[in-house]
Amino acid sequence: MRAAVIGGGPGGLYAAALLKRLDPAREVTVWERNAPDDTFGFGVVLSDETLGGIEHADPDVYRALRREFVRWDDIDIAHRGRLLTSGGHGFAALGRRTLLKVLHDRCSGLGVRLRFRTEAPPAAELARTHDLVIAADGVHSRTRAAHADVFGPHLTPHRCRYIWLAADFAFDAFRFEIAETEHGVMQLHGYPYAPDASTVIIEMHEDVWRAAGLDELPTGESVARCAKIFSEALRGRPLRSGTSSWTVFRTVVNRRWSHDGRIVLLGDAAHTAHFSIGSGTKLAVEDALALAACVEEQPDLPAALTAYEAERRPVVESVQRAAAASLRWFEDTARYVDQPPRQFAFNLLTRSRRVTHGNLRLRDRAFTDAVERDFGCPPDTPPMFTPFRLRGLTLRNRVVVSPMDMYVAQDGVPGDFHLVHLGARALGGAGLVMTEMVCVSPEGRITPGCTGLYTDGQAAAWRRIAEFVHTRAPGTALGVQLGHSGRKGSTKLMWEGIDQPLDAGNWPLVAASPLPYRSGVNQVPHALDRAGMTAVREQFAAAARRAAEADFDLLELHCAHGYLLSGFLSPLTNHRTDAYGGDLAGRLRYPLEVFDAVREAWPDDRPMTVRISATDWAAGGTTADDAVEIARAFAARGADALDVSTGQVVPDERPEYGRSYQAPYADRIRNALGVPVIAVGAISSWDDVNSLILAGRADLCALARPHLYDPHWTLHAAADQDYTGPAAPWPAPYRAGSRTPPTGRTDAPKPRLTLTRR
């Protein structure tokens with residue numbers, strides 16, 4: 001095999017070394033346009049996981065690296081004159097030049113040809129004379145650009161400016177320092193990489209960078225100014241920039257990573273992850289390990305490159321999701337600086353969602369206990385089991401059973417299934433149990449199986465359920481969600497064909513504009529005129545009065561997911577030219593009119609929330625900034641909390657799925673406006689709930705599918721955390737089952753004695 005490597009960074013060099021080590025007969029050449037000691041950045045952080053892979057694949061490289069590592073456990077966070085330290089994290093770092101020298105030496109010792117100060121021929125040209133071409137040519141990859149039609153790259157620039165620097169002393173810990181200047185918030189990221197040197201990254205929002213005039217200064221002068229701003233953290237010492245300059249981070253993703261069975265992307269050429277989670281070099285080295293292993297294991301190179309991407313892509317995408325969360329946190333640091341110091345520190349530490357409340361508790365119990373005390377947690381009480389008050393209602397814990405359509409009603413009447421379904425979740429310990437979307441008219445149903453509150457018979461059936469909850473699960477609140485399907489109505493039951501129109505018996509639909517949900521599939525709705533809007537508004541008010549008579553504790557107005565009121569809010573579904581369309585103020589007008597009518601009909605001492613879609617996940621739709629303004633408008637009218645969901649407005653949406661993927665939108669609204677929020681969306685563990693609540697990103701957490709899997713999810717979360725307090729009481733008949741049942745032993749008995757022969 002003849003292999004060509006374009007780019008002499010850590011990933012490319014390590015791939016070359018591994019390929020040659022695994023088969024010395026291979027001819028491996030590395031092209032690097034810079035000199036051997038030219039490099040950006042100063043220090044490199046590698047995880048124990050990555051080091052373990054290196055140790056297994058190449059013990060010689062591992063031993064050489066181990067001799068150079070600086071190790072530490074603490075993270076320091078400096079915020080408004082307070083220095084808070086969290087321990088138990090475990091880092092290892094070394095100088096980037098040192099890392100490159102180790103890899104240069106290893107490559108040379110193995111017989112890899114290193115061609116420095118030499119521009120590599122184009123990948124297509126190399127592919128004519130080489131079996132494998134590895135494009136490790138970085139974030140600005142020429143190979144990726146030359147074959148963009150194949151790789152399908154997408155580069156997203158972000159909103160902060162940053163610069164890689166160094167200081168000639170070693171920090172005692174990984175340090176984050178926040179400076180609140182007259183121009184805005186600036187932040188320092190620093191860590192040691194040698195006994196006498198540290199990497200320092202200065203970062204700030206683009207607007208702050210320009211307001212401070214740093215865009216107009218030579219790099220040296222701007223760095224000197226930053227050194228003065230962070231003089232306390234730097235102990236009065238200067239910063240040096242080397243060849244660094246101010247830049248913006250770009251997230252790189254590619255539709256595919258290989259071409260023609262022999263050209264393959266590696267490291268930053270294939271993907272990037274924000275430096276705040278320290279994963280760039282880590283990912284490149286792990287790519288090299290996986291690529292070399294796949295080349296060794298697979299029968300031919302096309303199969304090897306396919307296997308390499310299949311192995312690495314899920315790992316990379318997970319890291320990129322965590323990195324994106326961390327990146328956004330630092331873009332929006334100004335939103336959090338008014339938090340109490342320990343909560344701010346906890347928020348920073350858990351920003352990527354890879355470090356959680358439970359994980360941090362294992363690392364540093366004393367730090368986490370202090371954050372909980374400041375938050376107001378009683379002793380031995382996890383954050384999720386603290387009470388929360390909405391108007392006249394006090395919820396005993398922060399867990400909400402999210403609204404979930406069941407589609408089993410008859411003529412809108414909830415039956416025994418709903419009694420058992422909602423009753424079981426109420427017995428399961430959640431602070432608030434929400435109904436499915438309860439429709440305000442027959443024409444406002446999504447399917448024939450949807451429940452309603454447009455007749456007295458329906459109200460009586462709901463009252464039966466409320467009486468059960470209040471009698472058999474005292475302390476559990478029952479909430480009703482009122483909505484109208486709009487253009488998404490008159491469809492089959494979910495399991496018969498989601499969003500598919502009925503085969504027969506369709507009813508006419510209404511919406512903000514005459515736009516079908518799916519052209520050629522769903523019917524064209526009638527655009528509501530003034531009389532129609534008034535009639536629907538009064539249907540909502542009448543349903544609210546029936547909900548009060550049915551003894552619900554909380555009412556939620558459904559303004560999300562593309563249903564009628566959501567359809568007025570989104571510019572993708574509201575094309576009106578009258579006062580109820582156009583700009584956001586116009587699109588808000590009708591939903592606010594409905595809110596006012598419902599609020600007037602609903603008892604003053606009972607809380608009212610609003611569910612919104614904070615983004616449409618589609619170009620030209622509702623944005624996160626729009627969502628803040630929508631939330632502001634409803635809060636000003638008296639909404640007690642915003643239930644922040646996303647999407648389901650248009651069928652061609654492209655959600656960015658992942659764990660707790662919608663929570664950042666709730667976080668943004670809460671910390672921008674100071675209004676209570678309910679976070680929802682792939683929140684699946686009690687650890688995530690504790691993390692979101694304690695970090696101040698949400699006030700309540702709504703979980704749907706976990707409660708389908710386990711109706712007693714909240715009680716089991718309490719048992720898992722050894723919590724036995726008043727926020728999660730087991731019903732008297734169930735108390736005997738309040739601990740995990742014992743299981744049979746699976747471990748073999750250990751020998752009592754080890755006898756040695758004399």
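In the predicted model, Cys 439 stands opposite Gly 483 in strand β21, and the strand that pairs with β21 is β20 (residues 432-439), in the parallel sense and over six bridges. Strands (DSSP runs of E, at least two residues) and helices (DSSP runs of H or I, at least four residues) are numbered from the N terminus, and two strands are taken to pair if DSSP finds at least two bridges between them. Residues are numbered from 1 along each chain as its sequence is written. Because this is a predicted model, local features need pLDDT of at least 70 and side-chain atom pairs count only at pLDDT 80 or more, whereas totals for chains, interfaces and linings use all residues, and side-chain values use heavy atoms, with hydrogens and water left out.

Strand β21 (residues 477-483) is largely enclosed by the rest of the structure, because seven of its seven residues are buried, where buried means under 20% relative accessible area, exposed over 50%, and partly exposed in between, with a 1.4 Å probe and protein chains only. In a regular strand the side chains alternate between the two faces of the sheet. In β21, Ala 477, Gly 479, Gln 481 and Gly 483 point one way, Leu 478, Val 480 and Leu 482 point the other way, and all of them are buried.

Strands β20 and β21 belong to a closed barrel of eight strands, which runs β19-β20-β21-β24-β25-β26-β27-β28 with parallel pairing. From one strand to the next, the twist averages 25 degrees, with axes taken as lines fitted to C-alpha atoms, for helices over the stretch in contact, and with angles from 0 to 180 degrees between N-to-C directions. Helix α20 (residues 584-601) lies across β24 (554-559) and β25 (608-613), and its direction is at about 165 degrees to that of β24.

A second sheet is open and consists of three strands in the order β3-β7-β4, with antiparallel pairing. Its edge strands, each of which pairs on one side only, are β3 (43-46) and β4 (70-72), and neighbouring strands of this sheet are turned by 30 degrees against each other on average, direction ignored. Strand β4 and strand β7 (residues 91-95) run antiparallel and are joined by three bridges, with Trp 72 opposite Phe 91 in β7. Helix α4 (residues 96-110) packs on this sheet, touching β3 and β7, and its direction makes about 80 degrees with that of β7.

With a disulfide defined as a pair of cysteine sulfur atoms within 2.5 Å, the count comes to zero. The sulfur of Cys 377 is too far for a bond, because the closest cysteine sulfur, in Cys 701, is 13 Å away; Cys 377 counts as buried, at 9% relative accessibility. Cys 559 is likewise in no disulfide, the nearest cysteine sulfur being that of Cys 439, 14 Å away, and Cys 559 counts as buried at 1% relative accessibility.

Arg 546 is placed in helix α18 (residues 530-549). Its side chain makes a polar contact with the side chain of Asp 456 at 3.2 Å, a polar contact being a pair of N or O atoms within 3.5 Å of which, within protein, one must be able to donate a hydrogen and the other to accept it, while residues adjacent in sequence count only if both atoms are side-chain atoms. When neighbours within four places in sequence are left aside, Arg 546 is in contact (heavy atoms within 4.5 Å) with Leu 453, Tyr 454, Thr 455, Asp 456 and Ala 459.

Most residues other than glycine have a negative phi. Ala 682, however, has a positive phi near 55 degrees; it is found in the loop between β27 and α23 (686-694) and counts as partly exposed at 42% relative accessibility. Asp 722 also has a positive phi, near 55 degrees, and lies in the segment after α25 (713-720), where it counts as exposed at 60% relative accessibility.

Over the whole protein there are 25 helices and 28 strands, and 59% of the 758 residues count as buried. Of the contacts with a separation of 6 or more, 72% are accounted for by residues 24 or more positions apart.
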